[in-house]
Amino acid sequence: MCRRAAARSIDRVILRSAGCNRAATVQRLRLTVSDTPRKSTFSIVAADLQTGEVGCAVQSKYFSVGSVVPWAWAGVGAVATQAAGVAVYGRLALEELQRGVTPEAALETVLADDAGRETRQLGLVTADGRAAAFTGRECLDWAGHRVGPGFAVQGNILAGEDVVDEMARAYTETVGTLVERLIAALEAGQAAGGDKRGQQSAALVVERAGGRAESREGIDRICDLRVEDHTEPIVELRRLTGIWAGWDAHRRAHVHYERGDPAAAADALRAAAVGRDEPMLLYNLACYESLAGRSGEAVINLRRAIELDGSYRALAADDPDFDPVRAELSEL
C-alpha cells in the first residue's frame with residue numbers, strides 16, 4: 001500500500017474510533033485533505049423560521065455531490081462544504097453551531113490550522129436564521145458567496161457572479177416551502193450560467209424540528225434527494241421533488257388517519273391533489289373522505305382513480321374504508 005493510501009486508511013480508522021479526540025481527529029485530517037479533488041459547485045443553505053426547517057441544495061460537476069457537500073440538522077442549522085471540500089467539515093460546523101457559537105465563529109474553528117483553508121468554501125446558516133460564508137482566496141474563478149436573511153449562497157468555478165446573485169434573488173422571491181425555494185435557487189443559478197465545467201450531480205436535504213413526530217421513521221429528515229450522475233441533474237431533481245411532494249402529503253395525511261382524524265387526513269391530501277391526476281393519491285383521498293362522511297367526494301375521487309387504473313376497482317371492493325359509502329359504489 002502506498003504511503004498516501006495508508007495514511008487515508010489510518011484516518012478512516014481514527015474517525016470510526018468511538019473514543020477519538022475531536023481535536024486530534026481534525027488535526028489528523030489536515031495531513032491528508034490537501035489533495036482533495038475540487039468540486040466546481042454552487043449551493044444554498046437556508047432556514048425557514050416559520051416551519052422550523054433547515055436545508056441545503058447543491059449542484060456540481062462532480063459525481064455524487066450529495067455524499068459530500070450538504071449537511072442539515074433540525075433545530076441546529078445547515079452547512080455546505082465545497083471547493084476542495086472536506087465532508088467532515090459539515091458535521092464539525094454543525095457541532096459548533098449546536099454548542100451555541102455564531103456562524104462566523106464556527107467557520108473559524110473548523111478552518112483553524114487548516115493548511116488548505118484558502119482552497120475551501122463553506123456556507124452556514126443557523127436554525128434561527130443567522131448565516132455566514134467563507135470563500136478561500138485560492139478557490140478557482142469565479143468563486144464567491146452572498147449572505148442574506150436566513151440563507152447563504154456560494155459557488156466556485158462558476159460562469160460568473162450572476163450565478164450566486166440569481167440564486168439569492170430566486171430564493172428570496174419564490175413563494176412556497178423550503179424545498180421549493182431551494183430548488184428554485186438552483187434552477188436560477190443554472191440559468192445564469194452555472195458551473196463552468198457543466199453539470200453532473202445534484203442533491204437536496206431538508207430537516208424539520210419535530211419532523212420525527214410526523215412519521216414512524218423516528219428522524220427529523222423530511223426530504224433527502226440525490227441525483228448522482230445525470231446530463232441535467234437539476235431538471236431531474238425537480239422531477240424527484242414533485243414525486244417527493246406527493247409522498248410527503250401521503251405521509252402527513254396518514255399521521256392524521258392513525259390519530260383517528262380522517263377529515264384532517266382528507267384535507268391534507270386534497271391540497272396535494274390539486275392539479276395532480278394520480279390514481280393512488282385519488283384512491284387514498286377517497287378512503288379518507290369516505291371515513292370522514294364526505295360520501296359524494298369519496299365516490300367522485302374513487303371513480304376517477306379507477307378510470308386511471310382499473311386495478312383499484314378490485315381493491316376498493318374489499319377495502320373496509322369504503323364501507324360507509326358501499327351502497328353508493330354499486331355502479332363502480
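**Ala83.** I looked up Ala83 first: it counts as buried, because its relative accessibility is 2%. (Buried means under 20% relative accessible area, exposed over 50%, partly exposed in between, with a 1.4 Å probe and protein chains only.) Ala83 sits in strand β4, residues 77–83. (Strands are DSSP runs of E with at least two residues, helices are runs of H or I with at least four, and both are numbered from the N terminus.) Its phi is near 65°, a positive value in a residue other than glycine.

**Ground rules.** I am reading a predicted model, where local features need pLDDT of at least 70, side-chain atom pairs count only at pLDDT 80 or more, and totals for chains, interfaces and linings use all residues. Residues are numbered from 1 along each chain as its sequence is written, and side-chain values use heavy atoms, with hydrogens and water left out.

**Ile157.** I checked Ile157 next. Phi here is near 55°, again positive in a residue other than glycine. Ile157 lies in the loop between β8 (151–155) and α5 (162–173). Ile157 is buried, because its relative accessible area is 9%.

**The sheet with β4.** In what order do the strands of the open sheet run? I noted β3-β4-β5-β6, 4 strands with antiparallel pairing. (Two strands pair if DSSP finds at least two bridges between them.) β3 (70–73) and β6 stand at the edges with a single partner strand each, so one side of each has no neighbour in the sheet. Neighbouring strands are turned by 10° against each other on average, direction ignored. (Axes are lines fitted to C-alpha atoms, for helices over the stretch in contact; angles run from 0 to 180 degrees between N-to-C directions.)

I then looked at one pair. β3 and β4 run antiparallel and are joined by 4 bridges. Trp73 stands opposite Gly77 in β4.

**Helices on the sheet.** Helix α3 (residues 88–98) packs on the sheet and touches β3, β4 and β5 (120–126). (Contact means heavy atoms within 4.5 Å.) The direction of α3 makes about 25° with that of β3. Helix α4 (residues 103–111) lies across β5 and β6, at about 35° to β6.

**Trp142.** I found a cis peptide bond between Asp141 and Trp142, with omega about -10°. Trp142 lies in the loop between β6 (131–135) and β7 (144–148).

**Trp247.** Is Trp247 buried or exposed? I read 54% relative accessibility, so Trp247 counts as exposed. Trp247 belongs to helix α7, residues 233–258.
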